[in-house]
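Please read the following walk through a two-chain protein with its sequence and 3D view at hand.

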Amino acid sequence: MGRLVVVGISDQQVAAPPDNLITYALGSCVGICLHDNLSRVSGLAHILLPESFVDSDRKEVYKFANTAIEELVRSMERKGCARIHLTAKIAGGANMFVTSGMSIGERNVDMVKKELRRLNIRLKAEDTGANYGRTVEFNTSDGSMTIKTAGKGHKVL
Amino acid sequence: MENFNNLNEIQLSVISEIGNIGAGNAATSLASILADRVMMSVPELQIIDVSDMATILGGPENELAGILVNMKEDVQGMLLFLLDKEFVCMLINVLMDEDIKGFGDISELDMSAIMEIGNILAGSYISAISMMTNLNIGLSTPQIAIDMAGAILSYPAAQFGSMGDKLLFIEEDFLSGESKIKSHLLIMPELKSLQLIMESLGVC
């Protein structure tokens with residue numbers, strides 16, 4: 001039996017079979033699952049905000065979409081991934097409370113997609129937006145992403 | 001004062017006192033609505049890390065009702081009440097004369113009752129701050145989200161992510177008959193507003 005590697009808020013982890021990845025209760029945050037179909041090395045990042053405005057210290061790199069994804073790719077490359085094999089699945093970016101203008105959740109999703117395009121990583125599936133929280137579990141063996149919600153059912157992408 | 005991480009002792013005790021008076025007001029108004037069936041303990045102020053917050057609330061996936069109220073005019077910021085399933089059910093059962101057991105049983109009408117409770121609780125705290133500081137503080141219409149604790153907390157975490165990772169947080173026990181229910185309140189004034197409150201009270 002593999003371990004279930006837990007990814008916290010503003011955190012990221014890399015795992016390979018038999019281990020799997022999980023991050024709990026994404027609200028406006030976005031969970032980004034990257035997967036290399038050949039080596040099965042997978043990564044999960046949990047970002048809080050779209051972009052950093054100040055030169056932040058190393059710890060803060062994981063907090064923002066515009067710095068976290070590239071960092072995750074680098075960690076995966078160190079574990080033997082080829083960037084060209086990477087595909088992405090993303091979830092989260094909900095709008096938990098109504099806000100005027102564009103919500104943090106939407107801005108997070110936009111920035112994540114922009115970053116994936118910049119890094120030439122294909123987005124294979126997403127479950128984003130709406131107004132409810134999501135727990136994301138990523139299966140490193142088959143690259144499937146399972147979404148669990150409170151009262152809105154489960155789905156596998 | 002750059003963020004909540006570096007509040008001093010005096011500033012902390014001022015916030016604590018605001019919490020005390022606010023909670024007292026809240027208990028009085030709740031007791032009148034619920035016909036004296038609810039008592040409140042002395043509130044406890046804590047300053048904690050965003051990432052520890054979910055643990056205190058029973059884990060990131062624990063379902064809660066979050067009631068969000070924005071402060072406006074002289075003081076900007078937000079109040080977020082985090083209420084347990086037991087507490088919400090008790091409030092609805094007493095107020096609406098129902099017998100619900102979980103969040104799944106809550107109707108639209110129940111939701112508006114909970115929002116009204118949020119309004120009353122928020123008003124109690126705000127009038128405490130207004131009275132002590134002579135500042136004019138307005139409140140937005142409350143919004144409610146029933147969801148996983150972690151998901152609800154992502155909202156304040158994102159809004160205040162640039163202000164450091166600490167949150168001001170008040171924990172209170174509500175006593176109803178034999179049962180004791182914990183409720184939590186996050187207070188998030190913008191730093192400028194917190195400074196203004198401190199200045200109005202003669203604390204620097």
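On a 1 Å grid over the protein atoms alone, a cavity is a set of points where a 1.4 Å probe fits but cannot get out, a pocket is an open set with protein on both sides within 12 Å along at least five of seven lines, and lining residues have an atom within 4 Å of a point. Grid points are joined across faces, edges and corners, and a volume is the space filled by probe spheres set on the points. Rolling a probe the size of a water molecule over the atoms shows where empty space is left.

The model is predicted: local features need pLDDT of at least 70 and side-chain atom pairs count only at pLDDT 80 or more, while totals for chains, interfaces and linings use all residues. Residues are numbered from 1 along each chain as its sequence is written, chains are lettered from A and ligands numbered from 1 in the order in which they are written, and side-chain values use heavy atoms, with hydrogens and water left out.

By this rule there are three cavities of 30 Å³ or more. The largest cavity has a volume of about 100 Å³. Its lining consists of I15(B), I18(B), M71(B), I129(B), L168(B), I187(B), P189(B), L194(B), I197(B) and M198(B). Helices (H or I, at least four residues) and strands (E, at least two) are DSSP runs, numbered from the N terminus. In these terms, α1 (9-33), β8 (179-189) and α6 (191-200) of chain B give two or more residues to the lining of the largest cavity, and α6(B) has the largest share, three residues. Ala, Val, Leu, Ile, Met, Phe, Trp, Tyr, Cys and Pro count as nonpolar, Asp, Glu, Lys and Arg as charged, and the others, Gly among them, as polar. The lining of the largest cavity has 10 nonpolar residues, no polar and no charged.

The second largest cavity has a volume of about 60 Å³. Among the residues that line the second largest cavity are A26(B), F81(B), Y125(B), E171(B), E172(B) and H184(B). At least two lining residues each come from α4, β7 (166-176) and β8 of chain B, with β7(B) supplying the largest share, four residues. This lining has eight nonpolar, two polar and two charged residues.

Next comes the open space. The largest pocket has a volume of about 460 Å³. Of its 21 lining residues, the closest to its centre are N131(A), K152(A), M111(B), A145(B) and I146(B). In chain B, α4 (108-133) and β6 (143-148) each supply at least two residues of this lining, and the largest share, five residues, comes from β6(B). By class, the lining of the largest pocket has 11 nonpolar, six polar and four charged residues.

M148(B), Y155(B) and A158(B) supply 26% of the area that chain B buries against chain A, more than any other three residues.

Two backbone details remain. Most residues other than glycine have a negative phi, and most peptide bonds are trans. The peptide bond from P17(A) to P18(A) is cis, with omega near 10 degrees, and P18(A) is in the loop between β2 (11-15) and β3 (20-26) of chain A. A130(A) is not a glycine but has a positive phi of about 60 degrees; A130(A) is found in the loop between β7 (122-128) and β8 (134-138) of chain A.

Note on methods:
Buried area = accessible area lost by both parts, 1.4 Å probe.
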